[in-house]
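Hi everyone, thanks for coming. Let me put the sequence and the model up on the screen, and then we can walk through a few local features together.

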Amino acid sequence: MPSLPRIASTRRNFLSLAVGTGVGILQPRSSWGASSAAREDQPYAQIDWDRCRRIGSVTHAHCRSQRSLDLLCRRGLTHLAISNYYPSAPCAPTEQIGQWKVGQDFCTLKGEGYVEREFAWNEIIRDPETGWFDELPTAMQEKMPFQSEKPCFTQILPEVILCPNAEHHSMTDCNGHFNAVGSNFASGTFDVRSYYKLNNHGYAMGTGMPWREAFGRMLDGLQFADGGGITINHPKWSHASPKQIMEFLDFDPRVMGIEIWNSTAEFLSQTGWSLDEWDAVLATGRRCYGFSVSDHAHNSDPAFQGRNVLLVDAATPASEMPAACLRAYRNGNFYASLDGVLELKRFHCSADGKLDVEISGGPSKLRVLSAKGVVHEQAGESISWALPEGKSSAQEHVYLRVEADQVDGDDRLLTQAIQLV
């Protein structure tokens with residue numbers, strides 16, 4: 001099982017930063033407000049566990065081939081917010097190999113900003129007056145004119161829901177990567193390493209705009225007003241501090257949270273887990289969902305780890321599933337998992353802080369976490385814990401979440417957090 005970074009000094013440093021005596025962005029705050037109605041909107045509060053359907057989903061999985069699609073489906077992932085680049089454009093069932101080299105209808109231009117009009121790259125690069133074809137190396141010239149080829153996918157199973165999404169990057173004022181789950185916003189070009197010199201001639205390789213403008217455009221492009229949003233990708237890998245994460249979250253409540261597990265980051269640099277960052281943000285009272293993702297891993301590894309399991313009413317008609325899945329994300333009605341063997345069967349937190357959680361999938365080591373760290377551990381397939389009595393108890397613990405590690409396997413399940421203040 002991937003190791004969990006629980007170095008005590010590191011965790012203390014993160015939490016002291018988050019809940020210390022500073023002011024401004026690090027000041028503890030509640031995303032839910034004080035009203036009981038707001039608290040009813042916390043994760044899992046409205047789930048009917050006896051009529052709940054669990055749907056394997058990805059918010060960050062690069063997939064532009066039938067083989068990659070088959071690997072995702074074979075692992076039981078059917079809600080696919082495929083996060084492609086380059087460019088950062090939502091994946092359509094009819095997408096063809098090389099189509100983005102032929103042209104696109106969006107781009108960020110130097111001196112103009114983000115515009116939507118036709119960009120035919122063959123004509124632009126080869127224009128006898130304004131083009132730069134003659135500047136390209138011979139090897140690049142020989143690959144033009146660009147032509148689109150066969151479809152990326154030859155068979156998409158009926159149960160698959162393709163959700164608009166893309167991974168956006170290259171903002172002018174930050175180094176982060178962000179998914180726009182459920183959004184039709186597209187940015188950038190195919191020329192990731194400027195082999196064709198698009199960036200040299202004013203065509204931005206990525207968003208080419210400040211992150212706040214990019215976030216606004218991502219949110220404006222949401223398919224459904226009440227579902228989906230923005231995820232902050234691989235914060236440990238990107239060296240994103242809790243302060244930076246909180247700034248992103250505070251931009252808009254539809255900035256949903258962070259990737260707490262990224263399989264590709266773990267493979268490349270052992271930075272797959274971002275649990276310390278998650279707990280530091282949660283300790284301020286902010287709502288911050290945790291996502292578990294494959295990223296690129298499924299393209300080469302049939303046993304890749306990382307998925308989100310959406311909890312949707314089993315009576316939802318097929319025609320309403322795309323919207324229902326995105327609402328599950330927006331409302332925190334999902335849990336994170338490595339392999340999907342362990343399942344969350346029930347999660348209940350009473351008004352007085354009595355927590356009861358049940359899972360299935362075999363004996364596990366379960367633990368309850370709060371701003372004070374691990375507050376309770378229990379073996380089996382259930383765990384119960386009660387918030388200690390006292391007026392300051394909720395303020396001391398701030399939030400509650402549960403983790404479960406499979407005893408006879410490699411799976412790990414992580415619930416979303418319930419805010420206490």
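First, the ground rules. This is a predicted model, where local features need pLDDT of at least 70, side-chain atom pairs count only at pLDDT 80 or more, and totals for chains, interfaces and linings use all residues. Residues are numbered from 1 along each chain as its sequence is written, and side-chain values use heavy atoms, with hydrogens and water left out.

Let's start with strand E9, residues 178-181. A word on the labels: helices (H or I, at least four residues) and strands (E, at least two) are DSSP runs, numbered from the N terminus. Which way do the residues of E9 point? Phe178 and Ala180 point one way, Asn179 and Val181 point the other way, and all are buried. Buried here means under 20% relative accessible area, exposed means over 50%, and partly exposed is in between, using a 1.4 Å probe and protein chains only. As a reminder, in a regular strand the side chains alternate between the two faces of the sheet.

Now for the neighbours of E9. Two strands count as paired if DSSP finds at least two bridges between them. Strand E8, residues 167-168, runs antiparallel to E9 and is joined to it by two bridges. Histidine 168 has phenylalanine 178 in E9 as its bridge partner. Strand E10, residues 229-232, also pairs with E9, in the antiparallel sense and over four bridges. Within that pairing, asparagine 179 stands opposite threonine 231, and valine 181 has glycine 229 as its bridge partner.

How do E10 and strand E11 pair, parallel or antiparallel? E10 and E11, residues 255-262, pair in the parallel sense, over three bridges. Threonine 231 turns up again here, with glycine 257 in E11 as its bridge partner.

On to the backbone, and two cis peptide bonds. One joins tyrosine 86 and proline 87, with omega about 0°; proline 87 is in the loop between strand E2 (77-80) and helix H4 (99-102). Another joins methionine 144 and proline 145, again with omega about 0°, and proline 145 lies in the loop between helix H6 (138-141) and strand E7 (161-162).

Please also look at two residues other than glycine with positive phi. Tyrosine 44 has phi near 75° and is found in the loop between helix H2 (36-39) and strand E1 (52-58). Is tyrosine 44 buried or exposed? Tyrosine 44 counts as buried because its relative accessible area is 2%. Lysine 197 has phi near 60° and is in the loop between E9 and helix H7 (211-220). Lysine 197 has 23% relative accessibility, so it counts as partly exposed.

One stop in a helix: leucine 268 is found in H10, residues 263-269. With 52% relative accessibility, leucine 268 counts as exposed. Leucine 268 and tryptophan 237 are 31 residues apart in sequence, and their C-alpha atoms are 9.4 Å apart in space.

Last, let's visit glutamate 118, in the loop between strand E5 (113-115) and strand E6 (119-120). Glutamate 118 counts as exposed because its relative accessible area is 68%.

That's my tour, so over to you for questions!
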